[in-house]
Amino acid sequence: MTSLHTSRARPRSPGAALAAAGLLTALLAGAGPASATPDPGDLTPGSSSGAAVPRSAATPDRELAPGEIPGQDEIVHSKNVTPLANVPSSYPNGINSDLAFQDRYAFAGSYDGFTIYDIGDPKAPKTVATVLCPGGQNDVSVYGDLLFLSTDSSRSDDSCHSVSQPATEKSSWEGIKIFDIKDKKNPKYIKSVETSCGSHTHTLVPGGRDIYLYVSSYSPSEAFPDCLPPHDGISVVKVPRKDPTRAAVVAFPVLFPDGGNPGAPANPGVSKTTGCHDITVLPSENLAAGACMGDGILFDITDPEQPRVIDRVQDNVNFSFWHSATFNEGADKVVFTDELGGGGSATCNEATGPDRGADGIYDITGRGDQRRLAFKSYFKIPRRQADTENCVAHNGSLIPVGGGRDVMVQAWYQGGVSVWDFTDSTSPKEIAYFERGPLTTDKLGLGGSWSAYYYRGHIYSNDIVKGLDVLRLDDRRTDSAKWVWTDRLNVQSQPAYH
């Protein structure tokens, strides 16, 4: 395996200015799986007057007035949120993506590689290592001494020196990269596993002797030798814990034998289902929820190599692209997100309305194979965003408050970080927030929080442009979560907190 190199990534060439209208169509018309993803992989990050700054140098923060849009780059937040720290991005010209946590470390993905932070002191995070290994999205998860990285961009080979290459080339590579992170200062690349249509995201399913990864990918084409239709399932990668270099694809369970949601023209504005975008597992209940483009699914993972679909739902009125899923602690609700516009559009505005680009809250009714998903309501941040801000529902996690109450924190790109309560499935409400004003005021820019997760008493947000933000939440409704201490958090592998 080619060794890693850690030099600074080459600056990206400036991209064309994005128009909000028609963005998803443009993304879906790309030349390969990398450009066909609805997340903003080929978009150019918005620029602002400067890089993120330490909290000590920031301007005083304040709350928003109703209906107000903050000034360019201005930090605003609710009174129960205290911004503690910001670590500027390791890749100033890149796109930061997902987060994972283990012990005192945070692992932050980027389209250019990944960064390891020491967050033992949340007020003063320290960069431990920055690994240059290009390949969007580079979503990350960790288990023991292993780190897993998703590559969903067609590359010339599986090394960290690879370059972009058309998916029409048979020699192109996409899939999972595995690193040994025993030495946090010097991660070692030890194994790659190629998967059909790449790995847009992956979900770690912990086990005994083996770890499983559910690899989500989509957008096949007759022109792509390694991504041919039909692509109606997920790749299951088995990783022997004692010898992870033997990791391999062991199954491709079909989740949509009927092909899934047909999309347009039957369902205008809805994505055709050609795979899944993201899966969240709840190992304590042997359950999983899949957000699969035009479909939401609930399935049984008692046999991790052969997940069984229990129920499947569609929303052909308000959902455009089923993006991710979160169970509540009682395992009787699922929150699905709709990534309308692919993460690069301004959809948190009056023109889009409150029900599109939102979360859908579903109760789980019944037992066993008779469990069903029952829609209850939508949730969307109540704060108005500018037409120059990309904003839509994105990655979040539960805040483990216990006591039968359901609260989660969630990223909304330039809509910032939202904490909201969905204990009453029919009447969710925001209880805290943090956001920055628009990156740009003259054209649509790309930035904001990609992932916002709660870990060991603090909220960590990976901002596409600004880097790692650390927030403290002080609220009687959530303070009980500060006593919940986990050794590891891969959000798509949801722990049983209580």
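**View 1. Confidence along the predicted chain.** This is a predicted model in which local features need pLDDT of at least 70 and side-chain atom pairs count only at pLDDT 80 or more, while totals for chains, interfaces and linings use all residues. Residues are numbered from 1 along each chain as its sequence is written, and side-chain values use heavy atoms, with hydrogens and water left out. The mean pLDDT (the predictor's confidence in each residue, from 0 to 100) of the chain is 90, and 88% of the residues reach 70 or more. Over residues 1-38, pLDDT stays under 50, and the model has 85 contacts beyond four places in sequence for this stretch, a contact being heavy atoms within 4.5 Å. Residues 48-59 also have pLDDT under 50 throughout, with 20 contacts beyond four places in sequence.

**View 2. The disulfide of Cys197 and Cys227.** In the link of Cys197 and Cys227 the sulfur atoms lie 1.9 Å apart, and the angle of 95 degrees about the S-S bond makes the link right-handed. The pair links distant parts of the chain, 30 residues apart, with Cys197 in the loop between strand 10 (188-194) and strand 11 (201-205) and Cys227 in the loop between strand 12 (210-216) and strand 13 (235-240). Strands are DSSP runs (E, at least two residues), numbered from the N terminus. Both cysteines, Cys197 and Cys227, are buried, where buried means under 20% relative accessible area (1.4 Å probe, protein chains only).

**View 3. The disulfide of Cys276 and Cys292.** The sulfur atoms of Cys276 and Cys292 are 2.1 Å apart, and with 75 degrees about the S-S bond their link is right-handed. Here Cys276 sits in the loop between strand 14 (248-251) and strand 15 (278-282), whereas Cys292 belongs to strand 16 (residues 287-292), so placed 16 residues apart. Cys276 and Cys292 are both buried.

**View 4. The disulfide of Cys348 and Cys391.** An S to S distance of 2.0 Å joins Cys348 to Cys391, and this link is left-handed, with -75 degrees about the S-S bond. Cys348 is buried, as is Cys391.

Notes: A disulfide is a pair of cysteine sulfur atoms within 2.5 Å. Helices (H or I, at least four residues) and strands (E, at least two) are DSSP runs, numbered from the N terminus. Buried means under 20% relative accessible area, exposed over 50%, partly exposed in between (1.4 Å probe, protein chains only).
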